[in-house]
Amino acid sequence: MKRRESRRRRDRRRIRAVKRLRRMLCMALAVLVFAVVGIVRVIVNVNEKTPADASKDERDVQQEVVASAEREVMASETLTSEGGIITTGISGVVNGIYGTEMPDHPIRKIGTSYEAVIVGQRSSEAMGIGTMSAGDSMQASVANLSYFSQSQASSSTVMSDVDYETLLSIVEAEAGGEDMRSRILVAEVIMNRVNDDRFPDTVSEVVWEQNNGAAQFSPTEDGRINTVEISDMTKEAVRQVLDGMADQSKGALFFVAKDQALESNVAWFESDLKQLFVHGDHAFYTFP
């Protein structure tokens, strides 16, 4: 009886051992299958890579080598001129900006906004690369850049955005239905007042000024200045005035459309001011 029980126990232990061995073999087989699948995928990806991809990798390596060489050249390459050493490449551009001469005469700032911009450049066409010869030496290019930067800075009027928009609106309201010269003349009268000590110092103050409760410009009184749509012609007229063209207004400080104004106003213009000329719908005046 004891001998039979001992044999059963040994059989049960042997069966459990066999089951454990089977589980271990199954797990090992699963790991082997996953490993084989992974290796096959790697081989397929390598085989599917096209010659173009391989050449792209080679080009990337070559471009990095060239870029590194260019950086070394830009850091060291120089040109010698009578004035000394001029660096080329990116460093030459940076040095050229820092070394650009300022104009000998000061630029008069008009307006009080800290967000001042050079209005004349806002509407002007950007200088294309074709205006400078790419075949010239770096020294000549830097000289041309200096000249253009000085001419742009010296011929443009610095003005706040508010003043600029006000100038566009008053010109459109006063001469929007007339020719280019009429619009230029209105803009010049505004700027003549800004530059005259007898009038306020900013465009907005000049346009919205009142004398004994009377508006200086009728569009500010009837509200037309707030409803006009600025045309391209008006923008171009204002740009020309702010870019420093010759004064076509002969220094005029006043203008009036006689057929639209009150008789009392026209009488004041005729008696207290000096008429300079008539153009379009307006007669232009200054102090006698």
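Guide: Start with two definitions. Helices (H or I, at least four residues) and strands (E, at least two) are DSSP runs, numbered from the N terminus. Two strands pair if DSSP finds at least two bridges between them. This is a predicted model, where local features need pLDDT of at least 70 and side-chain atom pairs count only at pLDDT 80 or more, while totals for chains, interfaces and linings use all residues. Residues are numbered from 1 along each chain as its sequence is written, and side-chain values use heavy atoms, without hydrogens or water.

Visitor: How many bridges join strand 7 to strand 9?

Guide: Three bridges join strand 7 (residues 254-256) to strand 9, and the two run antiparallel. Val-256 has Ala-283 of strand 9 as its bridge partner. Strand 8 (residues 274-279) is also antiparallel to strand 9, with five bridges; there, Lys-274 is partnered with Thr-286.

Visitor: Which residue takes a positive phi in the hairpin of strand 8 and strand 9?

Guide: Gly-280 does, near 65°, and the hairpin has two residues between the strands.

Visitor: Is strand 9 enclosed or open, and why?

Guide: Buried means under 20% relative accessible area, exposed over 50%, and partly exposed in between (1.4 Å probe, protein chains only). Five of the five residues of strand 9 (residues 282-286) are buried, so strand 9 is largely enclosed by the rest of the structure. In a regular strand the side chains alternate between the two faces of the sheet. Here His-282, Phe-284 and Thr-286 are buried on one side, and Ala-283 and Tyr-285 on the other.
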